[in-house]
Amino acid sequence: MRINRRAFAAAAVIAVVLPLSACGGASDTGSSDASGKVEGRITFQTWNLQANFKDYFNGLIADFEKQHPGTDVKWVDRPAEGYADKISADAAGGTLPDVVNVSPDLVAPLAKAGLALDLDKAASQYRKEYLDGAWQSHRIPGMEGTFAFPWYLNTGPLFYNKRLLTEAGLDAAQPPKTYDQVFAAGLQLAQKSKGKIATLANVPTIEDFGRYDVPLMNKEGTGFAFNDAKGVELLTKYKELYDAKALDPQALTATPESAGHKFLTESVAMNPGSALDLGNFKKQAPGLYKNIGITDQVSSTGHANMYVMGVMVNSRSQQKPAAVAFAHFVTDATRQMEFAKKVAIFPSTAGSLDDPYFTKEDGSDETRVRVAAAKSLKTAVNYTPVLFSEQMKTELRNAVARALQGKESPEEALDNAVKACDRLLQQS
C-alpha cells in the first residue's frame, strides 16, 4: 500500500463474509499453536510496496533466511486497486498467503472466518514489544484475541495557510487549538472573504466524530452510537459552516486527494496532513510552502488519530512457526526503524519513538512535524472502528450530505445512518 496519510484513510474493506471453510483445502485446522521449528517455504504478501521498496524487502528476506536456515520466503506484491477483492478471492479459494499485509478493517472479516491467527495465544511473548494502542488496533469487537502484528503507523498535524488567516484578521501565530476555535475561525474567514475562502474542504468522517469524543459503537460492539447528542452537535456545527460557505463548495463530493489539492492551490485555509505533505508543498507550491503553518491535530479527547498497518498470519498456514517468526521479524524494532528512515512513517514498537530521530529537531519543518507526530503517536488512537465497512462509510457520508443540504435535520440524518450501519453490521 502506498505509504501516505490519504492511503491509510482510504484503506479498502472486504465487503463479503468469508465462510469458516474458506480455506478448506488446507489440512491444518487453524489451531493457535505456532510452536515448532522455524523452517519451510512461506509466502509473504504486501500492498503496493514493491515499486519503491524492492531493495529493502529483498534485503529483509535475505536476512531472515540467513538467521533461519531452511526457510524460503516468497514475496508477492499486489497493486492497491482491488487489494481487498484479491484477499477475499484467495481466502475463498484456499490460496491466502502465509503472511499478509493488512489494515485493521481487512483483518475483521478474516478473523471472523477463523483465518487470522490469534497472536494473543500464538505469539503472546511479543506483546510487550509494541505500543498498546497499536497492538489493540487489530482486535475485533465481540471477539477475543489480537489478529495481526502492528506494523507502520502514521498521523499528522493540521496545516494552515498563515497568509489567509492574517488576511481574515486572525492571528496566524495563534492557530485554532479546539473545535470551537476552528469553527469560529471558519466563520470569520468566510465572512471576511465574502465566501471565497473556505476553512475546510471535507465533510466530517467517522474519524472526526471519534476525535470529537462521540461514542462510535456500544461497548459490546454490536451497534453504532454516533447519533448521540455530541454527534448531533458536531454535525450541526458543520451545517453552520456549510451555510456560511466556510466549507468548500465541493466538500460533499470531495476525496482526500481533491481536498489536498484545494489546500495546495490556496482555496482552503486548513487541511490535515502528514510529514510527507511538506515535501509536496515545497516542490509543487513554493508560495504556499512559505506560508505554511503547522499546529497539532485538533481533538476533544486528548488523543490524536492514528493510522495503522499490520501483518497478519494465516491461521491455516502449513508452516505456522516460520510464518509467525517472519511476521514478527518484519515488524520488530530493528526492521521498523530501518523502514521509518526510508519513508515518512513511524514504528509501532515500544521505545522506538524515543530514538533521537523522532525526538530531536534540527530547525527544519520536516523534523518539527516528525517529532510532534512521534510524540502524539505514543497515546494515539485508531478512531475508525474495524467493523466500519466501506458501505457504512458511504451511508454516513450520504447522511452528512443530506443534513448539510437541509434535506434532513442533523439528528434525523445520524439516526438514519446508524440504522443503516447497524443493518449492514447484522448482515456481516
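This is a predicted model: local features need pLDDT of at least 70, side-chain atom pairs count only at pLDDT 80 or more; totals for chains, interfaces and linings use all residues.

Colleague: What else does Arg335 do, over the face of which ring does it lie?

Modeller: Arg335 lies over the face of Phe329, 3.8 Å from the ring centre. The distance limit for that label is 6 Å. Phe329 also belongs to an aromatic cluster, together with residues including Phe326, Phe339 and Trp151.

Colleague: Which ring has the charged end of Arg370 over it?

Modeller: That's Tyr357, with the charged end of Arg370 sitting 3.8 Å from the ring centre. Arg370 is one of the buried residues of helix 17, among them Val369 and Val371 too.

Colleague: How do you know that the length of helix 17 agrees with what it should span?

Modeller: Helix 17 has 13 residues, and at 1.5 Å a residue they should span 18 Å. The end C-alpha atoms are 18 Å apart, so the two agree.

Colleague: Back to charges. What makes Lys37 and Glu39 a salt bridge?

Modeller: Their closest N and O atoms are 3.8 Å apart, and the limit is 4 Å, so the pair counts.

Colleague: And why is Lys37 called exposed?

Modeller: Exposed means over 50%; Lys37 has a relative accessible area of 61%, so that's its class.

Colleague: How far apart are N and O in the salt bridge of Lys378 and Asp354?

Modeller: The side chains of Lys378 and Asp354 meet at 2.4 Å, N to O. That pair links distant parts of the chain, 24 residues apart: Lys378 is in the loop between helix 17 and helix 18, and Asp354 in the loop between helix 15 and helix 16. Lys378 has 42% relative accessibility, so it counts as partly exposed, and Asp354 is partly exposed as well, at 46%.

Colleague: How many aromatic pairs does a search of the whole structure find?

Modeller: It finds 29. Take Tyr130 and Trp135: 5.6 Å centre to centre, with 35° between the planes.

Colleague: Why is the pair of Tyr130 and Trp135 called tilted?

Modeller: Rings pair if their centres lie within 6.5 Å; under 30 degrees is stacked and over 60 is edge-to-face. At 5.6 Å and 35°, Tyr130 and Trp135 pair and fall between those angles, so tilted it is. Both residues are buried.

Colleague: What makes Tyr130 and Phe149 tilted?

Modeller: They are 6.0 Å apart, centre to centre, with 45° between the planes, so the rings pair and the angle again lies between the cut-offs. This pair links distant parts of the chain, with Phe149 in strand 4 and Tyr130 in the loop between helix 5 and helix 6, 19 residues apart. At 2% relative accessibility Tyr130 counts as buried, and Phe149, at 0%, is buried too.

Conventions: Residues are numbered from 1 along each chain as its sequence is written. Side-chain values use heavy atoms; hydrogens and water are left out. Buried means under 20% relative accessible area, exposed over 50%, partly exposed in between (1.4 Å probe, protein chains only). Helices (H or I, at least four residues) and strands (E, at least two) are DSSP runs, numbered from the N terminus. A charge sits over a ring if NZ of Lys or CZ of Arg is within 6 Å of the ring centre and within 35 degrees of the ring normal. The expected span of a helix is 1.5 Å times one less than its number of residues.
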